[in-house]
Amino acid sequence: MEQAFGVRPIKAVLGLDLICIFEDEAQVRNLVPDQKLLMNIEEDYKMAKSKEVKTNAMRILDRMKIPYTFQTYECEEFVDGQHAADLLGLQHEIVFKTLVTEDGAHNYFVFAIPIDAELDLKKAAKAAGCKSLSMIHVKDIQSVTGYIRGGCTAIGMKKSYPVFMDASALHYEKIAVSGGKIGLQLMLTPRDYEKAARASFCDLTRAAADHDGEPRMQNRAEVRCAAFVQCHKVPAKSADSL
């Protein structure tokens with residue numbers, strides 16, 4: 001980095017652009033950046049991040065030749081879906097959270113719904129063909145799915161469970177779902193998600209009210225994160241041949 005700028009920045013973050021923070025304005029005015037070196041730094045960093053974040057869900061999409069992109073964010077603490085969407089600049093309507101439920105016989109059912117909505121358990125039970133459903137306990141998420149809280153996705157769970165996605169997903173060209181670890185979101189078409197997760201589309205939600213009348217993003221400033229973007233592309237011809 002110092003070779004590329006001639007001076008070492010205090011901090012550098014690579015997102016959609018490379019953002020560098022320097023000591024003072026004088027340093028910025030005197031910069032003569034080496035564009036070739038900067039491009040090499042960006043490519044090296046992207047390659048490193050791509051290897052670092054590869055998850056079981058991504059490997060399944062690769063194997064199925066399903067095209068997708070992914071975005072990552074690094075945080076000092078767990079953040080909910082609304083925070084993650086805003087950090088990555090994603091519209092809330094296209095970001096879906098994954099919820100796991102069980103019936104009285106401990107059969108598990110997975111639901112993907114928009115992050116601003118709440119799962120209607122009556123609608124969910126009807127879709128699953130059950131008398132009633134309840135959410136599983138947070139402590140059971142990993143043992144049931146193989147994923148930890150905040151990184152749970154229907155793609156690549158440790159066992160194959162029935163998966164249902166809210167039909168609102170079909171209104172959008174691309175949707176975002178967790179990629180199988182905290183800080184990772186996958187972008188793909190609803191139909192490709194249907195294929196990868198063996199999902200069915202249903203009406204599953206009711207509107208979610210803000211907590212105590214406060215905006216959901218009230219604590220965003222308290223969370224310090226840096227967002228990074230990586231893409232994985234599969235030729236359309238290969239994807240269409242599935």
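Student: What percentage of the 242 residues in the protein chain do buried residues make up?

Tutor: Buried means under 20% relative accessible area, exposed over 50%, and partly exposed in between, with a 1.4 Å probe and protein chains only. Here 42% of the 242 residues are buried. This is a predicted model, in which local features need pLDDT of at least 70 and side-chain atom pairs pLDDT 80 or more, while totals for chains, interfaces and linings use all residues. Residues are numbered from 1 along each chain, and side-chain values use heavy atoms, without hydrogens and water.

Student: Is His92 buried or exposed, and which residues is His92 in contact with?

Tutor: His92 has a relative accessible area of 16%, so His92 counts as buried. His92 sits in the loop joining helix 5 (81-88) to strand 4 (96-102); helices (H or I, at least four residues) and strands (E, at least two) are DSSP runs, numbered from the N terminus. Beyond neighbours within four places in sequence, contacts of His92 (heavy atoms within 4.5 Å) are Gln82, Ala85, Asp86, Ile115 and Asp116.

Student: How far apart in sequence are residues that contacts join in the protein chain?

Tutor: Of contacts between residues at least 6 apart, 64% join residues at least 24 apart. The chain has nine helices and 13 strands.

Student: Which helix gives the most to the lining of the second largest pocket?

Tutor: A probe the size of a water molecule, rolled over the atoms, shows where empty space is left. In the second largest pocket, helix 8 gives the most, with three residues. Helix 4 (56-63) and helix 8 (190-197) each supply at least two lining residues.
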